[in-house]
Amino acid sequence: MLDRDGPVPVYKQIADLIQEQIRRGELIDGDAIPSEAEIEAEYGVARPTARRVARELRELGLVRTVQGMGTFVGDGTVYRPRRKPPLYEVIAREVAERIERRELKANRPIPSEKSLMQQYGVAKVTVRLAVGFLRDQGYVFTVPHRGTYVSSPDNWPQD
């Protein structure tokens, strides 16, 4: 689909594909365009290339970026909430489910950052957000320079 050896830069080709989706009405005012991570995965490009796609679309006046929310079709006055939860919440939810099923025992470590990064194919910052989310909910506690451990069930959120 992409001509990686041709004269048109890859970021421009991807931006053109998204621009075509907007033109055809597949993406309408307020819809989120694919995230940098989704562009990376779908087209096999590096993060700077994915970032350049959004910049190109912004320069064309087709999209606006809302910090912390994403990049949306239109002038920025309308945006739709994400259809999917952020990846760190998905990771946190799956680890919480393992804790609730007692696969991960109280006062024992949760999987390491490295193993979670490999399992989910995410960056360290995403794993740290997930662990922070679990900590905020009471599922885990962190001991500096030792690791993150499963909290006792009485600290878990009550349904």
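1. Two residues are in contact when heavy atoms lie within 4.5 Å. Among contacts between residues at least 6 apart in sequence, 50% join residues at least 24 apart. The model is predicted, and every value below is computed from it.

2. The protein has six helices and four strands. Their order along the sequence is α-α-α-β-β-α-α-α-β-β. The radius of gyration is 20 Å, well over the 15 Å that the globule rule gives for 159 residues, so the protein is more spread out than a compact globule. The C-alpha trace spans about 55 × 35 × 25 Å along its principal axes.

3. What share of the 159 residues is buried? Buried residues make up 31% of them. The protein exposes about 10100 Å², and carbon and sulfur atoms supply 51% of that area.

4. Helix H6 covers residues 124–137, which is 14 residues. From its first C-alpha to its last, H6 reaches 20 Å, close to the 20 Å expected at 1.5 Å a residue. After H6 comes Gly-138, with a positive phi near 95 degrees.

5. Which residues of H6 are buried? They are Thr-126, Val-127, Ala-130, Val-131, Gly-132 and Leu-134. An α-helix has 3.6 residues a turn, so residues three or four places apart point the same way.

6. Tyr-88 is partly exposed, at 23% relative accessibility. Phe-133 is also partly exposed, with a relative accessible area of 26%.

7. The rings of Phe-141 and Tyr-149 form another pair, with centres 5.8 Å apart. Their planes are at 25 degrees, so the pair is stacked. Are these two residues buried or partly exposed? Phe-141 counts as partly exposed at 32% relative accessibility, whereas Tyr-149 is buried, because its relative accessible area is 15% and the cut-off for buried is under 20%.

8. Pro-153 sits in the segment after E4. With 34% relative accessibility, Pro-153 counts as partly exposed. The C-alpha atoms of Pro-153 and Ile-99 are separated by 8.9 Å, although the two residues are 54 residues apart along the chain. Leaving aside residues up to four places away in sequence, Pro-153 touches Arg-102, Ala-106 and Gln-158.

9. How many salt bridges does a search of the whole structure find? The search finds 13. One of the bridges joins Glu-26 to Arg-24, with the closest N and O atoms 2.6 Å apart. Glu-26 is partly exposed, with a relative accessible area of 45%, and Arg-24 counts as partly exposed at 45% relative accessibility.

10. Glu-103 takes part in a salt bridge with Arg-98, where the closest N and O atoms are 3.3 Å apart. Glu-103 also meets Arg-101 in a salt bridge, at 2.8 Å from N to O. Arg-98 is partly exposed, with a relative accessible area of 25%. Glu-103 counts as partly exposed at 45% relative accessibility, and Arg-101 is partly exposed with a relative accessible area of 49%.

Methods
Residues numbered from 1 in each chain as written. Predicted model: local features only at pLDDT ≥ 70, side-chain atom pairs only at ≥ 80, totals over all residues. Heavy atoms only, no water. Helix = DSSP H or I, 4+ residues; strand = E, 2+ residues; numbered from the N terminus. Expected span 1.5 Å × (residues − 1). Buried < 20%, exposed > 50% of the residue type's maximum accessible area, 1.4 Å probe, protein only. Phe/Tyr/Trp six-rings, centres within 6.5 Å; stacked < 30°, edge-to-face > 60°. Rg over C-alpha atoms; globule rule 2.2 N^0.38 Å. Areas by Shrake-Rupley, 256 points an atom, 1.4 Å probe, with all protein chains shown as cover. Salt bridge = Lys/Arg side-chain N within 4 Å of Asp/Glu carboxyl O.
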